[in-house]
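Colleague: I would like to learn how to read a helix and a loop residue. Can we work through a case together?

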Amino acid sequence: MADKKKRKRSKDDQSEELPFKNILESDDAILDLLKSYIASAITAAASGTGAGGASSSSSKPLTLADLSLSSSCREVADLSLSSVQTAIETVIVQIARSILAGDGFSFSVPSRAASNQLYVPELDRIVLKDKSTLRPFASVSSVRKTTITTRILALIHQLCLRNIHVTKRDLFYTDVKLFQDQTQSDAVLDDVSCMLGCTRSSLNVIAAEKGVVVGRLIFSDNGDMIDCTKMGMGGKAIPPNIDRVGDMQSDAMFILLVEKDAAYMRLAEDRFYNRFPCIIVTAKGQPDVATRLFLRKMKMELKLPVLALVDSDPYGLKILSVYGCGSKNMSYDSANLTTPDIKWLGIRPSDLDKYKIPEQCRLPMTEQDIKTGKDMLEEDFVKKNPGWVEELNLMVKTKQKAEIQALSSFGFQYLSEVYLPLKLQQQDWL
């Protein structure tokens, strides 16, 4: 009898040690709040103009063609292999004619420089303007890059003829002596995609699997049905070729986008998606193309809100902005790679005091961190959201940052047991 009392007392003490657990409502009450929020969000999206360009007269999202911009911009499209093959052959024929006419050999390559980028508030994403640069063979400064461009075009043409996929690493190893470093072949691959006016996936060149997904999602992968509730703690690797993904089904209430693998593993092991029906996805750091495509596909097909859990530092917000507004490096394909209206759930700078994160778990920001934070405050996509501006200003002012794992100072399961449920209960996102 005494042992039972002691066990009960220790359990009560453990509960009391968890900050804010006492203000948590029941799971059913939180789920009712979420259902109410989702219903109102769907109604608002159907009747008004939402972020990412939902039109009041039509559910069809806005495109560049719908806008009258002062600058002309370019976007790429998904092309069939035969169309890519024809586009490559057209470029080569033009070059051959130029050489025969005595005008030399050069490529007209769309500029992906920062000065050629444009943030479009109506679309809430970064797009590429129409400026191009010449890449002549008869120039010491560009002869090597022109050669790499020619080699990449030849390799892509082979892939079209054979109808096979290769990874970016495979592509690099076809001519290591010429490419020297994979970053060089990767950069030219993006140039080629932009030149031909097609998405990178249309070139049949994919990145290695990186992102993973777990939770209340069923989808077909190349004809095989995958149930993401039965994939173990590690989850299902996100297919690098989005074309083979289809038939998405879910009873989830939201998608939880997680920056770090460690936080993802915690939530997956705790089966957080069963307590609060959701789909949990991570790219394990910097967003890769496959994860960005997969997230967008889930958002557009399942019509679920996306909540993001990232570190409280400038790079966490940068990662969130890549998912939402696109990266400058691949702005030419932002229409396919961005997910509209992602909510910033945490960890936010204001959470450090609100949740009483211990001082020893807060890290001092470096000079580079502070510079990155100030630079982000100058970005148009940040200025558009007053909540983001307020949080970033607080971060730069306090010069403190924190990782998601700082919550483990209250207990290994504090993230899934208290922090996230309380965030959902209070609908505390930006």
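Colleague: Which residue just after helix 16 takes a positive phi?

Modeller: Keep in mind that this is a predicted model. Lysine 399 does, with a phi of about 55°.

Colleague: What caps the N-terminal end of helix 16?

Modeller: Asparagine 385 does. One of its side-chain oxygens lies 3.1 Å from the backbone nitrogen of glycine 387.

Colleague: How far apart are the end C-alpha atoms of helix 16?

Modeller: They are 18 Å apart. Helix 16 has 13 residues, 386-398, and at 1.5 Å a residue it should span 18 Å, so the two values agree.

Colleague: Which residues of helix 16 are buried?

Modeller: Start with the general idea. An α-helix has 3.6 residues a turn, so residues three or four places apart point the same way. Now the case here. The buried residues are Gly387, Trp388, Glu391, Leu392, Met395 and Val396. Down the axis of helix 16 they fall within an arc of 165°, so they line one face.

Colleague: What does the face turned away from the buried side of helix 16 carry?

Modeller: Exposed residues: Pro386, Glu390 and Lys397.

Colleague: And what covers the buried residues of helix 16?

Modeller: The cover includes helix 11 (314-325), helix 14 (367-377) and strand 16 (342-346), among others.

Colleague: Now the loop. Is leucine 24 buried or exposed?

Modeller: Leucine 24 sits between helix 1 (2-17) and helix 2 (27-47). Its relative accessible area is 18%, and the cut-off for buried is under 20%, so leucine 24 is buried.

Colleague: Which residues does leucine 24 touch?

Modeller: Leaving out residues up to four places away in sequence, they are Ile30, Glu417, Val418, Pro421, Leu422 and Gln425. Leucine 24 and glutamine 425 are 401 residues apart in sequence, yet 7.6 Å apart in space, C-alpha to C-alpha.

Terms used:
Residues numbered from 1 in each chain as written. Predicted model: local features only at pLDDT ≥ 70, side-chain atom pairs only at ≥ 80, totals over all residues. Heavy atoms only, no water. Helix = DSSP H or I, 4+ residues; strand = E, 2+ residues; numbered from the N terminus. Expected span 1.5 Å × (residues − 1). Buried < 20%, exposed > 50% of the residue type's maximum accessible area, 1.4 Å probe, protein only. Arc of directions from axis to C-beta. Contact = heavy atoms within 4.5 Å. Polar contact = N/O pair within 3.5 Å; in protein donor to acceptor, adjacent residues only side chain to side chain.
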